[in-house]
Amino acid sequence: MSTVVVVGAQWGDEGKGKVVDLFSERADMVVRYGGGANAGHTLVIGGTKLVTHLVPSGVMHPGKSCVLGDGMVIDPHTLLEEIADCQKQGLLQRNELLIGLGAHVILPYHKLLDGLREDRHAGTAQAIGTTRRGIGPAYEAKAGRRGVKMRDLLRIERLRELVRNNLDELNPLITHLGGTVPSAAEVEKWVSDAARAGEKLAPSLGDASRHVYAAIVAKKPILFEGAQGCLLDLDHGTYPYVTSSSTIAAGACQSAGIGPTHINAVIGITKAYATRVGSGPFPTEMHGEFGERLRQAGGEFGATTGRPRRCGWLDLAALRMGVRLSGMTGLALTKLDVLSNMGDVQVCVGYKLDGKALDEPPIDGEDIARAEPIFQTFPGWGELPRATQSLDDLPKTARDYVQTIAKLAGAPLALVSVGPDRNQTIKLADPFAG
Ligand code: IMP
């Protein structure tokens with residue numbers, strides 16, 4: 001096996017940073033393929049925290065090729081800041097980064113529109129609760145064939161024309177949403193700043209699809225690092241409360257520009273409980289004191305926006321859906337330790353709607369609001385051993401819990417994480433092994 005896709009199994013924030021970091025050890029190349037600075041990974045290097053939004057977590061392993069695929073939407077200024085942060089930590093010293101020339105650019109007006117829409121709908125069902133990073137508006141421009149690609153940053157006349165044409169259409173919308181139309185001077189500054197950022201990034205810009213393909217042909221181990229989670233997928237998630245990209249494993253092919261026959265394994269990451277940021281259905285959400293306890297114990301605050309994450313019980317019906325949508329060949333279960341000393345643990349095993357039993361959550365918003373989750377209860381467990389090598393080291397009830405997750409979700413466990421450190425990991429299968 002040489003190509004592995006890692007995806008979040010639910011609504012993102014499943015602990016991808018640690019898992020990708022572990023799997024990256026085995027890879028020669030790590031490819032981030034979708035989304036933009038809406039994602040956030042907190043990486044710890046020798047006690048120092050590094051938060052990345054765009055650069056793949058593989059950056060932690062010097063010398064590995066790190067690719068930003070054409071399906072991404074990139075804020076060039078955020079990327080330059082991140083590169084500088086990495087370089088301060090001694091990372092990215094060897095030209096490891098390759099940025100797809102075909103990736104789309106997030107410009108200030110995308111962020112402006114994203115924020116204006118969120119403000120306008122705040123407190124209503126129309127608010128998506130986005131990260132305000134301009135993701136939706138940038139993908140709208142892409143789908144509308146008006147987007148600005150990274151390669152356009154290298155041709156200032158073309159860039160200026162694209163930006164002006166876009167704003168010609170968007171200015172009335174900005175006014176309609178209660179915003180202030182940018183002045184000509186401001187627009188020119190956006191253009192020149194973006195062009196300058198493009199100049200700085202130029203040595204790292206290239207043909208990402210061919211670069212990845214060359215590694216596939218050379219049979220190099222490659223890790224495709226998904227962003228967000230399967231249920232935030234634009235086509236298959238809890239629409240409209242989704243992001244604007246393809247977050248399921250198929251997105252790796254489409255966004256990185258490789259054929260589906262080149263993917264060997266798909267690992268879905270799930271926490272031992274569930275979280276969600278932003279709006280949208282979350283039937284197993286725990287409100288009140290228990291939800292708050294879980295939030296504090298798990299440190300459930302967004303790495304990108306700092307927003308408190310909504311917390312609840314693991315939804316195996318939703319996980320089953322993620323397993324199906326991404327064709328997961330294995331599961332990485334994270335943060336099992338957070339459920340220690342929490343009393344009985346519940347897990348949703350299915351739904352009931354209009355007298356019918358459902359093995360996956362209904363996807364329609366109104367149906368899911370009416371559906372009744374069916375819970376199974378597991379007796380709680382105390383502290384887990386600090387350094388565990390095998391499932392046998394876990395208390396019996398915790399072991400039963402993780403085994404039930406794999407059985408009902410329909411995918412075997414590849415690893416179980418019982419703490420933030422690398423040695424707090426039970427490795428059960430190597431996705432790169434053949
Ligand atoms: P957007 O991607 O900023 O447009 O936000 C759309 C929805 O996806 C919102 O509910 C966000 O909270 C959610 N979202 C986007 N990126 C992430 C992520 O990396 N983790 C968790 N939720 C995310």
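**Note on the salt bridges**

1. The structure, which is a predicted model, holds 26 salt bridges.

2. One of the salt bridges joins Asp75 and Lys111, whose closest N and O atoms are 2.6 Å apart. Because Asp75 sits in the loop between strand E6 (73-74) and helix H2 (76-88), while Lys111 belongs to helix H3 (residues 108-121), the pair ties together parts that are 36 residues apart in sequence. Asp75 is buried, with a relative accessible area of 6%, whereas Lys111 counts as partly exposed at 31% relative accessibility.

3. A salt bridge is also formed by the side chains of Lys271 and Glu300, at 3.0 Å from N to O. This pair links distant parts of the chain, 29 residues apart, with Lys271 in strand E11 (residues 265-271) and Glu300 in the loop between helix H9 (288-298) and strand E13 (310-312). Both Lys271 and Glu300 are buried, and for Glu300 the relative accessibility is 0%.

4. Glu300 forms a salt bridge with Lys335 as well, the closest N and O atoms being 3.0 Å apart. Lys335 lies in the loop between strand E15 (330-334) and strand E16 (345-353) and Glu300 in the loop between H9 and E13, so this pair ties together parts that are 35 residues apart in sequence. Lys335, at 23% relative accessibility, counts as partly exposed, while Glu300 counts as buried. Through salt bridges that share partners, Asp13, Lys271, Glu300, Arg309 and Lys335 are joined into one network.

Technical notes:
Residues numbered from 1 in each chain as written. Predicted model: local features only at pLDDT ≥ 70, side-chain atom pairs only at ≥ 80, totals over all residues. Heavy atoms only, no water. Salt bridge = Lys/Arg side-chain N within 4 Å of Asp/Glu carboxyl O. Helix = DSSP H or I, 4+ residues; strand = E, 2+ residues; numbered from the N terminus. Buried < 20%, exposed > 50% of the residue type's maximum accessible area, 1.4 Å probe, protein only.
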